[in-house]
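Q: Before we look at any particular feature, could you take me through a model and show me how to read it step by step?

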Amino acid sequence: MKIGVIGAGSMAEALISGLINGNVVRPEQIAVCNRSDRSKLMYLQEHYHVTVTEDKKELADRSEILILAMKPKDVEEAVLTLRPYVKKQLILSVLAGVTIETIQHLLGKKAPVIRAMPNTSAAIRMSATAISASGEATMHQVKMAKHLFETIGMVAVVEEDQLDAVTALSGSGPAYVYYFIEAMEEAAAEVGLDQEIAKSLILQTLAGASEMLMQSEKQAGQLRKDVTSPGGTTEAGLEKLKDFQFSEAIIACVKRAAERSREMQSGGQAAMEKVRKA
Ligand SMILES: NC(=O)C1=CN([C@@H]2O[C@H](COP(=O)(O)OP(=O)(O)OC[C@H]3O[C@@H](n4cnc5c(N)ncnc54)[C@H](OP(=O)(O)O)[C@@H]3O)[C@@H](O)[C@H]2O)C=CC1
Ligand SMILES: O=C(O)[C@@H]1CCC=N1
């Protein structure tokens with residue numbers, strides 16, 4: 001299976017790293033192009049031994065799967081320049097808020113398109129990914145995409161209209177967790193802990209809590225109660241989280257991110273309209 005990646009940023013690198021380390025794809029099966037940053041292509045070539053090119057025709061001609069990994073605002077230019085070379089390849093898009101319909105419209109045909117929403121933990125094969133396929137994608141192509149993403153983590157197959165919610169939850173999710181960790185690190189300093197020791201304690205606490213939830217039959221709420229002794233330290237700490245409306249903040253965060261993903265779809269529709277009128 002030969003893969004062409006259009007875009008050489010964070011998500012492209014996470015996918016390349018995960019796929020190569022997962023041993024399902026060899027470096028010589030992957031080619032990458034971007035728009036202008038030659039140094040990033042050189043970096044990917046040096047670190048992952050993938051083929052790099054500035055020629056979209058060359059990239060498309062050698063690939064069975066074309067992964068779209070540019071920012072949503074750049075999809076119009078990227079797909080229009082790729083369009084003449086798209087024949088039978090499966091188009092696999094990881095773009096937030098860009099619909100299958102928009103991609104097919106920019107391609108000027110009902111090509112097989114699969115939308116995926118992974119996250120950057122793909123780099124270490126721990127992504128949570130959801131995928132949704134267009135009717136044009138064959139069973140074989142869906143299986144192939146599922147297999148690729150299973151190599152770099154877990155995969156859920158969803159209806160396309162669920163992808164805004166998925167993007168808000170697990171696509172953006174790592175950033176919320178990192179933000180929480182940054183706050184925990186700041187808190188650790190304020191209560192007088194050494195930075196390095198605090199970091200290991202925080203990371204092991206998160207990993208342990210996450211693993212407990214995976215292994216235990218108990219729900220998060222029950223596991224929280226198990227930690228919370230009446231009148232103890234946890235209860236005192238949680239009271240503060242409630243005072244600062246922690247749950248409400250998280251809910252508002254995910255809802256706003258999902259709304260932003262839907263807003264980005266309107267950008268895609270505007271691009272579609274422009275192409276239609278040209
Ligand atoms: N980052 C994340 O956590 C996640 C991102 N995504 C999605 O992945 C996509 C990429 O995000 P991210 O990696 O963070 O973005 P980056 O900005 O890191 O990378 C974007 C890449 O796209 C390239 N590019 C832009 N225009 C073109 C073009 N016309 N032809 C070829 N390449 C082009 C850029 O090249 P150059 O530098 O030369 O301009 C750059 O290499 C987004 O659509 C995002 O929604 C999905 C899930 C998670
Ligand atoms: O912030 C973004 O728009 C992208 C999509 C999910 C994660 N990063």
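Q: Let us begin with a ligand: which residues lie around ligand 2?

A: In this predicted model, the residues around ligand 2 are Ala96, Thr167, Gly171 and Ser172. Sorted by class, that shell holds 1 nonpolar and 3 polar residues, with no charged residues.

Q: How many residues surround ligand 1, and which are the closest?

A: Ligand 1 is surrounded by 28 residues, of which the closest are Gly7, Gly9, Asn34, Met70 and Ala96. Helix H1 (10-21) and helix H4 (75-82) are the elements that give two or more residues to this shell, and the largest share, 3 residues, comes from H1. By class, the shell around ligand 1 is made up of 14 nonpolar, 8 polar and 6 charged residues.

Q: What does the UniProt record place at residues 2-97?

A: The record, an unreviewed entry, places there the feature "domain: Pyrroline-5-carboxylate reductase catalytic N-terminal". In the model, the chain over residues 2-97 is 39% helix and 19% strand, with its end C-alpha atoms 26 Å apart.

Q: What confidence values does the predictor give, for the complex and for the chain?

A: For the complex the predictor gives an ipTM of 0.98 and a pTM of 0.95, while the mean pLDDT of the chain is 96, with 99% of its residues at 70 or more.

Q: Turning to the strands, is strand S6 mostly buried or exposed?

A: The general idea is that side chains in a regular strand alternate between the two faces of the sheet. Here, strand S6 (residues 113-117) is mostly covered, since 5 of its 5 residues are buried. Val113, Arg115 and Met117 point one way from S6, whereas Ile114 and Ala116 point the other way, and all are buried.

Q: In which sense does S6 pair with strand S5, and in which sense with S7?

A: Strand S5 (residues 90-93) pairs with S6 in the parallel sense over 3 bridges, and within this pairing the bridge partner of Ser93 is Arg115 in S6. Between the two, the chain crosses from S5 through helix H5 (residues 100-107) to S6, and this β-α-β crossover is right-handed. S6 and S7, by contrast, pair in the antiparallel sense over 4 bridges, and Met117 stands opposite Ala130 in S7.

Q: Over how many bridges do strand S7 and strand S8 pair?

A: Strand S7 (residues 127-133) and strand S8 (residues 153-157) pair over 5 bridges, in the parallel sense. The path from S7 to S8 runs through helix H6 (residues 139-151), and this β-α-β crossover is right-handed. One pair of partners to look for is Ala128 with Met154, the latter lying in S8.

Q: Lastly, the backbone angles: where is Asn23, whose phi is positive?

A: Asn23, a residue other than glycine, has a phi near 60°, and its place is in the loop between H1 and strand S2 (30-33). Asn23 counts as exposed because it has 8 C-beta neighbours inside 10 Å, the cut-off for exposed being 12 or fewer.

Q: And His49, is this residue buried or exposed?

A: His49 is exposed, because 12 other C-beta atoms lie within 10 Å, and a residue with 12 or fewer counts as exposed. The phi of His49 is positive, about 60°, although His49 is not a glycine, and its place is in the loop between helix H2 (38-48) and strand S3 (51-52).

Terms used:
Residues are numbered from 1 along each chain as its sequence is written. Chains are lettered from A and ligands numbered from 1 in the order in which they are written. This is a predicted model: local features need pLDDT of at least 70, side-chain atom pairs count only at pLDDT 80 or more; totals for chains, interfaces and linings use all residues. A residue is near a molecule or strand if its C-beta atom, placed from the backbone, lies within 6 Å of it. Ala, Val, Leu, Ile, Met, Phe, Trp, Tyr, Cys and Pro count as nonpolar, Asp, Glu, Lys and Arg as charged, and the others, Gly among them, as polar. UniProt positions are given in the numbering used here, feature names are shortened, and annotations may be inferred rather than shown by experiment. pLDDT is the predictor's confidence in each residue, from 0 to 100. Two strands pair if DSSP finds at least two bridges between them. A crossover is right-handed if, with the strands pointing away from the viewer, the path from the first strand over the helix to the second runs clockwise. A residue is buried if 20 or more other C-beta atoms lie within 10 Å of its own, exposed if 12 or fewer, and partly exposed in between; C-beta atoms are placed from the backbone.
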